[in-house]
Each structure stands twice: as C-alpha cells, then as structure tokens.
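Hi everyone, thanks for coming. Let me put today's structure on the screen, and then we can walk through it together.

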Amino acid sequence: MIVARRLAQNHLASFAACVRLQSTSVPDFSMSTPKAQIYTRTGDKGRTSLFTGQRVSKGEPYFDALGDIDELNCHLGMARELLIQGAPAHVEDSTKEALLQQWQTLQQCLLDAGSTVATPLAFATEKQKERTVFQQEHINSLETWIDGWDATLEPLKTFILPGGGLVAAQLHICRAVCRRAERGIVKLRVEKPDVGIDIAVQQFLNRLSDYLFTLARVCTVPEGQVVRKQREAAKTE
C-alpha cells in the first residue's frame, strides 16, 4: 500500500513538472508584434493575382510554369546543400566554391524568371516591365559556364544513366525538372501568344538544363561502376 501510494505521488509529481515545462515552453503568440499575414484567404476560391494585378484562375498555365520554376529552385537548393555537406572526393575546394557561387546566382536568376512570367507584357506598366525584365546576361553567363566546365570533361560518346553520387544524382533531377519548366513556358507562349511572355526565360531554361547536365557529369564520382552507359547497363539486366 505504501509502495503504491509513493508510485502515485511520483507519477503526479512528474505530470505536474511536465505541465509546468509545457506552459513555459509554449510561446504566447497573442503578444507578438503585428506584421503582414502569411495567409490572406484571397485564393480560397481558386483564383490569384499576377504581378500586373489581374485576377486569374490558379489553373491557368502561368501557374504551371511558375510552379515548375519554383520546384526547380528547390531542387537546386538541395543540390547546393548536398555539396556543402559532402562534396565528392574528386571535387577540389576551388571547384566546390565556384559551384556554390554559381548555383546561388542561378537560384536568384530563377526568382527573376518567376517574376518575369508573372508579369505578362501585355498587361504590365512601364515600371513593372523595368522591374521584371529578364536580363540577356543571365543566358550569356550560362553559355560561358557550360563551355568552361565542358572543357574539363572527356567527350560524351553515349547516353549515361542518372546517378553517380548524391550531388550528381540531384543535379540530374534538377535537369529533368528544368526541362519540364521549359516545356511549361513553351506551352504558355503557345496557349497565350498575345499576353507577351518574354522568350528570354524560355531560352534561359533551355541553357540551364544543358548546364545542369554538364555539372552532373562534373560532380559524378569517377568510379567506373557508378558511371553506367545505357547500352552496357541494358545488357546486364
């Protein structure tokens, strides 16, 4: 009986301590400084706004294209984090730093691309056009980077299967999503030829997929069993 009473007392003491801990660790959001809300409820009926102010359905092809660009940016961010946390052994520190800088720049370019897509020229004011114009220099930089990295690689004579380590595999995912984003822009321009979607974004995504493929090869670990040619792999399966 005494043992049972002590166990009950210990249980109640532990429970009381837990309650005190919870009451002191939960922030009081009612005292938070007012700021802009994350949610607005304005899209609850399936419509949202372009940067130009037009209210349109979320089912419009603008948002397929914007979603693909956003997804690509997320995947590129993952590739960057994977490189930070564990670069392939053959990637030198100077190469790693160059890649990290380029990928951060490209993530910023993708944000610019999204702004451009969300600002159809037919509806935009001159000020909006100036703020969201997609710079040709982004495309020029990609071409320069592709040429530079490709010069470090052996000529590619056949298809390769995606893989070759975590960073390289993630870059192949980026490449595939980038191709989808490019198709989304093509579809948008075909379905809405009069709204004025800047073709520079489409050209940028086309170059970016080539860049990502090239960098997947740069980051692929050199062991032969990981870099697999398509035809050779098919024979062994």
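F63 has 18% relative accessibility, so F63 counts as buried.

Before going further, a word on what we are looking at. This is a predicted model, where local features need pLDDT of at least 70, side-chain atom pairs count only at pLDDT 80 or more, and totals for chains, interfaces and linings use all residues. Residues are numbered from 1 along each chain as its sequence is written, and side-chain values use heavy atoms, with hydrogens and water left out.

How confident is the predictor? pLDDT is its confidence in each residue, on a scale from 0 to 100. The mean pLDDT of the protein chain is 83, and 78% of its residues reach 70 or more. Among the elements, helix α5 has the highest mean pLDDT, at 97, while helix α1, residues 2-25, has the lowest, at 50. Over residues 17-23 pLDDT stays under 50, and for that stretch the model has zero contacts beyond four places in sequence; a contact here means heavy atoms within 4.5 Å. Where pLDDT is low, the predicted coordinates should not be read in detail.

Now the overall layout. The protein chain has eight helices and two strands, and along the sequence they follow the pattern α-β-β-α-α-α-α-α-α-α. Helices (H or I, at least four residues) and strands (E, at least two) are DSSP runs, numbered from the N terminus. Of the 237 residues in the chain, 34% count as buried. Take the contacts between residues at least 6 apart in sequence: 78% of them join residues at least 24 apart.

Let's look inside. A nonpolar core is a set of buried Ala, Val, Leu, Ile, Met, Phe, Trp, Tyr and Cys residues joined through side-chain atoms within 4.5 Å. In soluble globular proteins, nonpolar side chains tend to be buried together. Here the largest core has 48 residues, and those with the most contacts inside it are W103, F204, L205, L208 and Y211. Helices α2, α3 (93-117), α5, α6 and α7 each supply at least two residues of this core, and α7 gives the most, with 11 residues. If you click on W103 and leave aside its neighbours within four places in sequence, you will find contacts including L76, L83, V167, Y211 and C219.

Next, the aromatic rings. Rings of Phe, Tyr and Trp (its six-membered ring) pair if their centres lie within 6.5 Å; planes under 30 degrees apart count as stacked, over 60 as edge-to-face and the rest as tilted. The structure holds three such pairs. One of them brings back our opening residue: Y62 and F63 are edge-to-face, 6.3 Å centre to centre, with 65 degrees between the planes. Y62 is buried too, with a relative accessible area of 3%. Another is the tilted pair of W145 and Y211, at 6.0 Å centre to centre and 50 degrees between the planes. That pair links distant parts of the chain: W145 sits in helix α5 (residues 136-150) and Y211 in helix α7 (residues 199-219), 66 residues apart. Y211 is buried, at 0% relative accessible area.

Finally, charges. Side chains of opposite charge can pair when their charged atoms come close. A salt bridge is a side-chain nitrogen of Lys or Arg within 4 Å of a carboxyl oxygen of Asp or Glu, and the count comes to seven. In one of them, E60 meets K192 at 3.0 Å, N to O. E60 lies in the loop between β2 (55-57) and α2 (61-85), and K192 in the loop between α6 (166-191) and α7, so this pair ties together parts that are 132 residues apart in sequence. E60 is partly exposed, at 23%, and K192 is partly exposed, at 22%.

R180 and E71 form a salt bridge as well, also listed at 3.0 Å, N to O. R180 is in helix α6 and E71 in helix α2, so the pair ties together parts 109 residues apart in sequence. D68 joins in here: D68, E71 and R180 are linked in a network of salt bridges.

R179 counts as partly exposed, at 30%, whereas E182 is buried, at 12%.

Definitions and conventions: Buried < 20%, exposed > 50% of the residue type's maximum accessible area, 1.4 Å probe, protein only. pLDDT = per-residue confidence, 0-100.
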